[in-house]
Amino acid sequence: MTSWLIAASGNEVKEGRMKPLDAGGKRILLIRIEDEVFAIENRCPHMNCPLQGGILEGHSIKCPCHNWSFDIRTGAYAASDSIRLNIYETQEKDGKISVLI
């Protein structure tokens, strides 16, 4: 069963920045791009490297360990659609960011 979990206050996730968190036992990375908040799994499926140290380039995040690049909107790995990060729906309301987990 899925439910909304308040993950952060809106001002904690700045434009072009990442905020790691543990939500419901899941390692999640919140990212704000163009005033939209995205939530992705905070681990690269290649070797479980935390993505929070990665490089953001537009709507892509590059893994800090081996440079794998993922689209934060879809979770898709740039080199293969068959490899994906888990992504989570977000909503921002009344100054709070919630994640559907």
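Glu34 counts as exposed because its relative accessibility is 64%, and the cut-off for that class is over 50%. The model is predicted. Glu34 sits in the loop that runs between β3 and β4 (36–41). Its phi is positive, about 50 degrees, although Glu34 is not a glycine.

Phi of Asp94 is near 55 degrees, a positive value, and Asp94 is a residue other than glycine. Asp94 counts as exposed because its relative accessibility is 72%.

The table lists the two residues.

| Residue | Phi | Relative accessibility |
|---|---|---|
| Glu34 | about 50 degrees | 64% |
| Asp94 | near 55 degrees | 72% |

Two hairpins follow.

Strand β2 (residues 18–23) and strand β3 (residues 26–33) run antiparallel and are joined by six bridges. One of the pairings links Pro20 to Leu29, its bridge partner in β3. The two strands form a hairpin, with two residues between them. Gly24 is in the turn of this hairpin, and its phi is positive at about 60 degrees. The loop holding Glu34 lies between β3 and β4.

The other hairpin consists of β8 and β9, with two residues between them. Strand β8 covers residues 76–77 and strand β9 covers residues 80–84. Their pairing is antiparallel and rests on two bridges. Ala76 has Arg84 as its bridge partner in β9.

Technical notes. Residues are numbered from 1 along each chain as its sequence is written. This is a predicted model: local features need pLDDT of at least 70, side-chain atom pairs count only at pLDDT 80 or more; totals for chains, interfaces and linings use all residues. Side-chain values use heavy atoms; hydrogens and water are left out. Two strands pair if DSSP finds at least two bridges between them. Helices (H or I, at least four residues) and strands (E, at least two) are DSSP runs, numbered from the N terminus. Buried means under 20% relative accessible area, exposed over 50%, partly exposed in between (1.4 Å probe, protein chains only).
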